Amino acid sequence: MKPKRHTVELAGDGFHITACFGADACEHRALNAPELPQRIFDALTELGVGETLRQRIGSTLKAHNIIKISISYCPNACARSQIADVGLIGAAAPNFNPECCIACGACSDVCREGAIRLDEAGILTSIDREKCANCGACTKVCLNGCIVDASTGFRLMLGGKLGRHPRFAEELTGLRQPDDIPVLVARCIKNYLKLAQGHERMGDVVNRVGAAALSRPDSE
């Protein structure tokens with residue numbers, strides 16, 4: 001029997017956190033950080049997001065005023081992180097040692113992006129980094145341990161939304177470690193609340209100043 005899968009939903013004052021069930025039972029997860037949703041919830045509660053939003057917008061917060069935070073534990077992004085105000089997507093960047101490759105072909109078979117390069121003998125020679133989605137699937141099936149996770153973490157993206165003028169979130173460079181994310185997410189939202197004009201959503205602010213500006217400590 002497969003483990004029961006739970007999607008996490010945490011509703012705070014002025015924000016809402018959704019996380020896929022990857023931390024519980026999903027075989028596709030790139031990394032495991034089951035405590036992350038609650039830690040982000042605690043950081044944003046301490047920040048007082050709802051009160052700040054009401055001071056700027058008014059006493060009643062509508063659905064589109066609520067800041068959405070979405071956590072997906074692999075690049076499949078089942079929690080739709082690309083269209084959230086703050087999106088997190090788990091990633092596992094692979095590295096490999098061709099000297100121990102036994103030419104089983106398992107890595108090539110499992111790679112949905114066509115990023116694995118094998119020579120005529122079936123030996124792994126390279127990984128196309130532009131095609132690689134950093135899902136970690138190849139590391140899980142490698143029979144001889146030739147492919148390993150060189151680095152794991154979360155991709156961070158800001159400013160996604162639907163509505164009248166939908167947009168995909170803008171991704172910041174690099175991978176963030178779970179321990180660093182609650183403070184970083186709180187910083188991005190604090191800077192958004194500081195820089196937003198009128199009823200601007202985070203996507204509007206990102207359009208004006210860029211996602212990187214929201215992540216800088218000196219924007220506070």
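Predicted model: local features only at pLDDT ≥ 70, side-chain atom pairs only at ≥ 80, totals over all residues.
The backbone oxygen of T173 lies 2.3 Å from a polar atom of the side chain of R176. R176 itself sits in the loop between β8 (170-171) and α5 (181-195). This arginine is buried, yet it has no salt bridge. The nearest side chain of opposite charge belongs to E171, and that side chain is 7.3 Å away.

Other charged residues do find partners. Side chains of opposite charge can pair when their charged atoms come close. A search of the whole structure finds 7 salt bridges, and three of them are described here in turn.

The pair R54 and E51 meets through its side chains, with 3.7 Å from N to O. Both residues belong to helix α2 (residues 49-57), where they are 3 residues apart, and therefore about one helical turn separates them.

The salt bridge between D128 and R117 has its closest N and O atoms 3.5 Å apart. This pair links distant parts of the chain: D128 is in the loop between β6 (124-127) and α4, while R117 is in strand β5 (residues 116-118), and the two are 11 residues apart. D128 has a relative accessible area of 22% and is partly exposed. R117 is also partly exposed, with 31%.

In the salt bridge of R208 with E200, the closest N and O atoms are 2.9 Å apart. R208 counts as partly exposed at 40% relative accessibility. E200, in contrast, has 16% relative accessibility and counts as buried, because buried means under 20%. Salt bridges that share partners also join D13, E51 and R54 into one network, which brings D13 together with the helix α2 pair already described.

Rolling a probe the size of a water molecule over the atoms shows where empty space is left. The count comes to 4 cavities of 30 Å³ or more. The largest cavity holds about 100 Å³ of space. It is lined by 14 residues, and those closest to its centre are C111, A115, C132, C135 and C138. The elements that give two or more residues to this lining are β4 (86-96) and α4 (137-141). By type, the lining of the largest cavity divides into 11 nonpolar residues, 2 polar and 1 charged.

The last stop is A63, in the loop between α2 and β3 (67-72). A63 is exposed, with a relative accessible area of 62%, a value over the 50% that marks exposed residues. Along the chain, A63 and G14 are 49 residues apart, and their C-alpha atoms are separated by 9.4 Å.

Methods:
Residues numbered from 1 in each chain as written. Heavy atoms only, no water. 1 Å grid on protein atoms, 1.4 Å probe; cavity = no way out; pocket = protein on both sides within 12 Å on 5 of 7 lines; lining within 4 Å. Points joined across faces, edges and corners; volume = space filled by probe spheres on them. Helix = DSSP H or I, 4+ residues; strand = E, 2+ residues; numbered from the N terminus. Nonpolar A, V, L, I, M, F, W, Y, C, P; charged D, E, K, R; others polar. Buried < 20%, exposed > 50% of the residue type's maximum accessible area, 1.4 Å probe, protein only. Lys, Arg positive; Asp, Glu negative; His and termini not counted. Salt bridge = Lys/Arg side-chain N within 4 Å of Asp/Glu carboxyl O. Polar contact = N/O pair within 3.5 Å; in protein donor to acceptor, adjacent residues only side chain to side chain.
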